[in-house]
Amino acid sequence: MAFRPRDLADRMSGRRKPDDGYLRETFTLPRDKARTKARDFLTRYPKAAYMSSVESWRELPDGDIEFTMRRLPSAD
């Protein structure tokens, strides 16, 4: 049985993380804009209040960076 990349993507999308209370946003940007976006995100949602962080990142073949930022919904 031959597998296509789409088959793998479908399988992986079924493995969603449990609802842990974090809000996640994924971006795909050129390296410089990705750095700026991550800094802006961390300035807007500081780690001390929102427990925000870069959850994952990877460099794509075209040189863009795909990254996921996570944070708590409120600073309570």
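A contact is defined here as heavy atoms within 4.5 Å. Among contacts in the chain between residues at least 6 apart in sequence, 57% join residues at least 24 apart. The model is predicted, so that local features need pLDDT of at least 70 and side-chain atom pairs count only at pLDDT 80 or more, while totals for chains, interfaces and linings use all residues. Residues are numbered from 1 along each chain as its sequence is written, and side-chain values use heavy atoms, with hydrogens and water left out.

Three helices and three strands make up the secondary structure of the chain, where helices (H or I, at least four residues) and strands (E, at least two) are DSSP runs numbered from the N terminus. From the N terminus on, these elements follow the order α-β-α-α-β-β. The strands form an open sheet with the order S1-S3-S2 and antiparallel pairing; two strands pair if DSSP finds at least two bridges between them. Strand S1 (23-29) and strand S2 (53-59) are the edge strands, each pairing on one side only. On average, neighbouring strands of this sheet are turned by 15 degrees against each other, direction ignored. Between S2 and strand S3 (residues 65-71), which run antiparallel, there are six bridges, and Val54 stands opposite Met69 in S3. Helix H2 (residues 31-44) packs on the sheet and touches S1, S2 and S3, its direction making about 5 degrees with that of S3. Axes are lines fitted to C-alpha atoms, for helices over the stretch in contact, and angles run from 0 to 180 degrees between N-to-C directions.

Aromatic side chains were examined next. The structure holds three aromatic pairs, counted where ring centres of Phe, Tyr and Trp (its six-membered ring) lie within 6.5 Å, with planes under 30 degrees apart taken as stacked, over 60 as edge-to-face and the rest as tilted. The rings of Phe41 and Tyr45 have centres 5.1 Å apart and planes at 55 degrees, so this pair is tilted. Ring pairs link Phe41, Tyr45 and Tyr50 into a cluster. Phe41 counts as buried at 7% relative accessibility, as does Tyr45 at 12%; buried means under 20% relative accessible area, exposed over 50% and partly exposed in between (1.4 Å probe, protein chains only). Of the 76 residues of the chain, 20% count as buried.

Arg71 lies over the face of Tyr45, at 3.9 Å from the ring centre. The charged end of Arg70 sits over the ring of Tyr22, 4.0 Å from its centre; the criterion is NZ of Lys or CZ of Arg within 6 Å of the ring centre and within 35 degrees of the ring normal.
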